[in-house]
Amino acid sequence: MGKYLIRRLLIAIPSLIGISVILFTVLALAPGDPFEELATNPNVPPEVRENLRKQFGLDDPVPVRYARWAKAMVKGDWGFSFASRVDVDKLIMQRLPTTLIIIGSSQFLALLIAIPIGVFAATRPYSIFDQVANTFAFIGFSLPTFFTGILFILFFSIYLDWLPFVYRADIAETGWRFYWEHLRQSIMPVAVLGLFQGASWTRYVRSAVLDVIRLDYVTTARAKGLSERVVVIKHALRNALIPVVTLVALQMPTIFGGAIVTEQIFRVPGIGSLLISAILANDTPVIMAVTFVFACLVVFFNLLADILYGWLDPRIAYR
């Protein structure tokens, strides 16, 4: 197991290097300049702008700039934000925990929805419950997150006045009230992402369980006199989750993309909103760092999926 993890990490290194080269080249060749505002400001002499460009190495060739960026990243220096005037790593570490909490909670909610409903529908195919579950699943993953987010705001915030529709990081509360207010303002973004993913995964869980539940070893388990609950949970579900784990790992880029949109709707101070504001300000160091963090998280979740394979199916050997 240890050798397998080391080998996978060594494979991930050239993948991340390739991703960083592509990202850096695209951002370097893209139109726009972080010092455009200085160029249109009559109070700032042109030589000041040129000196700033030379100071940050923006006039150097792209390979030289990438080598400088990669060397700084290895040393833990993620660059300096032109717009916020602070170090990029401080910006990311301020925003990343909020994004991970929102995404993690939403994916946990999606699994709580998809697994029981998908299994129950698969064990009762073409029943009324199965048809109703399929209908709501189709509706759920057909509606984009920005549409359901607006519906949630209109219903729960404006009409019922139950939940705040703006996520505030500076809550002036202490004790349990502080955590309660954070929980209240997290409900809608977590629900929007969780319901969207849960609807999609419900179909996959149902299909995977239907494929497994007809196999011979499940029939043999029933013939031994095991209860239907034990047969489904211990024998069928565990093997049916292997393709679902693969799906979850492959959908991580989509999940992070949906989180960016959701953070904009509810004004969540996460890494997605940081990326949008950096794009609008042509803040290249922040854009590069955030997209690279997303790439690292996707590689990590794919590695985690491979580890879960061995836990779900002991026949899988790590060599």
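**Entry 1. Helices H5 and H8**

I looked up the crossing of H5 and H8 and found it right-handed, the term for a near helix turned clockwise from the far one by less than a right angle. The contact of H5 with H8 comprises 21 nonpolar, 10 polar and 1 charged residues. In this count Ala, Val, Leu, Ile, Met, Phe, Trp, Tyr, Cys and Pro are nonpolar, Asp, Glu, Lys and Arg are charged, and the others, Gly among them, are polar. H5 spans residues 88-123 and H8 residues 176-213; they pack at about 35°, with axes 6 Å apart. The axes are lines fitted to C-alpha atoms over the stretch in contact, and angles run from 0 to 180 degrees between N-to-C directions.

**Entry 2. Basis of the values**

I note that the model is predicted: local features require pLDDT of at least 70 and side-chain atom pairs pLDDT 80 or more, while totals for chains, interfaces and linings use all residues. Residues are numbered from 1 along each chain as its sequence is written, and side-chain values use heavy atoms, without hydrogens and water.

**Entry 3. The protein as a whole**

I recorded 13 helices and 0 strands, taken as DSSP runs numbered from the N terminus (helices H or I, at least four residues; strands E, at least two). Of the 319 residues, 40% are buried, meaning under 20% relative accessible area, against over 50% for exposed and partly exposed in between (1.4 Å probe, protein chains only).

**Entry 4. Gln185**

I next examined Gln185, which is found in helix H8. Gln185 counts as buried because its relative accessible area is 6%. Leaving aside residues up to four places away in sequence, Gln185 touches Pro164, Val166, Tyr167, Arg168 and Ile171, where contact means heavy atoms within 4.5 Å.

**Entry 5. Aromatic pairs**

Rings of Phe, Tyr and Trp (its six-membered ring) pair if their centres lie within 6.5 Å; planes under 30 degrees apart are stacked, over 60 edge-to-face, and the rest tilted. One of the pairs is Phe24 with Tyr66, edge-to-face at 5.6 Å centre to centre and 70° between the planes. Phe24 lies in helix H1 (residues 2-29) and Tyr66 in helix H4 (residues 62-74), so this pair ties together parts 42 residues apart in sequence. Phe24 is buried at 11% relative accessibility, and Tyr66 is buried at 18%.

Trp69 and Phe292 also pair edge-to-face, at 5.8 Å centre to centre and 90° between the planes. This pair links Trp69 in helix H4 to Phe292 in helix H13 (residues 284-312), 223 residues apart. Both Trp69 and Phe292 are buried. I finally noted a cluster in which ring pairs link Phe152, Phe155, Phe156, Tyr159 and Trp162.
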